[in-house]
Amino acid sequence: MMRMVLIGIWACVVTLGSTFGASYWKSHRSAPGEAAQHAEKLEVKKVKPITVPIISEGTLKGYISAEFAYVVEASNKGGHGGGGAPVDADSYVMDEAFRRLYADNNLDFRRIEKYDLNSLTKELTKSINERLGGELVRETLVKSFAFVPKDDIPH
């Protein structure tokens, strides 16, 4: 008989403990909607390809053909210059990429595979954001990057 009472008390304690644990867990976990709201939504935007002339020793040697993309926050509705209008960073990405490649003295067109694309993309992201006055562009990506010698271009 005593054994039955102890089993009954044990069953009540286990039931109370599991009920308390389940209610505590349910009340302290974040709702699925809250987790989704806090997750950052990013968007990749592709820009038109650019062609940059490579001039060495006063003569045209060929062209760098490059295509870039950039990552922005999908919900970003901020404006450039405080006007509140959404900014299309495509023109800034293309302009900054062209300027960097055209003026880069470290770009050796004879060994284009050794060019530091990581450094280029970091510099592009930094300078684009400086021009836009905020952290609009999260990352700049390279979709294609090639040197085309002048002699390989049909006339």
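Tyr102 comes out as partly exposed because its relative accessibility is 47%; here buried means under 20% relative accessible area, exposed over 50%, and partly exposed in between (1.4 Å probe, protein chains only). The model is a predicted one, with pLDDT of at least 70 needed for local features and 80 or more for side-chain atom pairs, while totals for chains, interfaces and linings use all residues. Residues are numbered from 1 along each chain as its sequence is written, and side-chain values use heavy atoms, with hydrogens and water left out.

Now for the rings. Rings of Phe, Tyr and Trp (its six-membered ring) pair if their centres lie within 6.5 Å; planes under 30 degrees apart count as stacked, over 60 as edge-to-face and the rest as tilted. Searching the whole structure turns up 2 aromatic pairs. One of them is the stacked pair of Phe98 and Tyr102, at 5.9 Å centre to centre with 10 degrees between the planes. Phe98, at 30% relative accessibility, is also partly exposed. Tyr115 and Phe145 are stacked too, since their ring centres are 5.6 Å apart and their planes sit at 5 degrees. This pair ties together distant parts of the chain, 30 residues apart: Tyr115 is in the loop between helix 3 and helix 4, and Phe145 is in strand 4. Helices (H or I, at least four residues) and strands (E, at least two) are DSSP runs, numbered from the N terminus. Tyr115 is buried at 13% relative accessibility, and Phe145 is buried at 18%.

Back to helix 3, whose buried residues are Val93, Glu96, Ala97 and Leu101. On the other side of helix 3, Ser91 and Ala103 are exposed.
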